Amino acid sequence: MSGLQVQLRSSSPIRLAAEFDCAAGELVALVGPSGSGKTSMLRAIAGLWTPPDLQGHIRVAGQDWLDTAAGVLRTPQQRRAGLVFQHYALFPHMTAQANVALAAGPDWSAADVQALLSRLGLAALAGRRPAQLSGGQQQRVALARALVRVMPGPQAAASQALAGVLLLDEPFSAVDAPTRQTLYRELAALRQKVPVPMVLVTHDLAEARRLADRVVIVDAGQTLQTGEPARVFASPRNARVAELVGIQNHFAGRFFKDRPGWGRLCWAGSGPADAGIALSVVDKNKIDNDTRVTWVLNGEQVDVLADGAALDVAEAGATRLRCRLAEVLPLGEISLCTLVPQGLPDQRITLNLTTRVLDRLQVSAGAWVQLLIAPGALHIMPVREVNG
């Protein structure tokens, strides 16, 4: 089977309960707070972190790099893992070409290494040491060093399969914004030429959303949810995932079943079904009637209308909610807007509205607006009851 499969368990010194995969040519981002175990997972894949109680398996292109049940444990030298560290970890006394050549296998000649450096725009810098290179140039050298570990060299047999994985540990965090954009482009081009699994560790949600085919949400060494970025960020599995992906509009409520296929979300969170504000939601028959829930609102699926505006055709099931625009904070082309729902003065909705939208509505702080909330903008999650 092509690609990377990871299943790891450990209780010390870092608790780990991780399970994810990455297909050949796919880029998967591990996202989570500092200390959540993301880098430990990369180091385990590369063979640099093997605590005594580590259990599970790591497979790349059908090859077992780790299988504790079968007693398989390949050394880092036996694994085709290219690891780009956050701060590059280049040898300071060696030139760029020597740093790359040191990691190259026997099927890479000096000329092949020089050709790779040329492809990454480093040919003129091959003789310089790391201290003579900019942050972006050092990052390219580190990437070239990782690639020669993953890729079979031009001298390899034509039938030799790619059986490696590229591991990226926050590689863009130490470079400036223009350089970061250039490196994003190079990574995109690289993915088309080198069809190996790529695993990226990042704390930057926007970066994960931009680069990754799938994200793996990690917390306290455990993988909580895996999926396409847009789906995970809009439909978190539970309240903790919602918190980790930075969802601002996260509320409590109670779910009641309504007509077939539809339910009512009571924002008040307690009391009878008709208390508080009722929002129309799709009933997927996964939550029982009269259940405490937490729920998130995807602001990208909310339309903002002038107060009292008439609708020719209302979207099926959409909820119309009157709100007071409590605060407008301009941030370049967008404004961070805080809205207070009518009837719930202690609740706040945060939306990022463009200048064009605000100009069209001709509103400012203190004004009233209408929100048209599509059912798809709401994602509800049952609250786990704690028995004590």
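Me: How many cavities of 30 Å³ or more does a search of the whole structure find?
Reply: First, this is a predicted model, where local features need pLDDT of at least 70, side-chain atom pairs count only at pLDDT 80 or more, and totals for chains, interfaces and linings use all residues. Residues are numbered from 1 along each chain as its sequence is written, and side-chain values use heavy atoms, with hydrogens and water left out. A cavity here is a set of points, on a 1 Å grid over the protein atoms alone, where a 1.4 Å probe fits but cannot get out; its volume is the space filled by probe spheres set on the points, which are joined across faces, edges and corners. Searching the whole structure for cavities of 30 Å³ or more gives one.

Me: Which element gives the most to the lining of the largest cavity?
Reply: The largest cavity holds about 50 Å³ of space, and its lining residues (an atom within 4 Å of a point) are Gln139, Leu143, Leu168, Phe172, Leu183, Glu186 and Leu187. Two or more of them come from each of α4 and α5 (177–193), helices being DSSP runs of H or I with at least four residues, numbered from the N terminus. With three residues, the top contributor is α5.

Me: Is Arg140 buried or exposed?
Reply: Arg140 belongs to helix α4 (residues 135–150). Beyond its neighbours within four places in sequence, Arg140 is in contact (heavy atoms within 4.5 Å) with Leu120, Leu122, Thr182, Leu183 and Glu186. The cut-offs for relative accessible area, with a 1.4 Å probe and protein chains only, are under 20% for buried and over 50% for exposed, with partly exposed in between. At 15%, Arg140 is buried.

Me: How many of the five residues of strand β9 are buried?
Reply: Strands are DSSP runs of E with at least two residues. In β9, Met198, Leu200 and Thr202 point one way and Val199 and Val201 the other, and all are buried. β9 (residues 198–202) is therefore largely enclosed by the rest of the structure, and the count is five of the five.

Me: Which residue stands opposite Val199 in β9?
Reply: Two strands pair if DSSP finds at least two bridges between them. Strand β8 (residues 165–169) runs parallel to β9, joined by four bridges. Opposite Val199 stands Leu167.

Me: Which strands stand at the edges of the open five-strand sheet?
Reply: That antiparallel sheet runs in the order β16-β20-β17-β18-β19. Two strands have a single partner each, so one side of each is left without a neighbour in the sheet: β16 (302–306) and β19 (349–354).

Key:
On a 1 Å grid over the protein atoms alone, a cavity is a set of points where a 1.4 Å probe fits but cannot get out, and a pocket is an open set with protein on both sides within 12 Å along at least five of seven lines; lining residues have an atom within 4 Å of a point.
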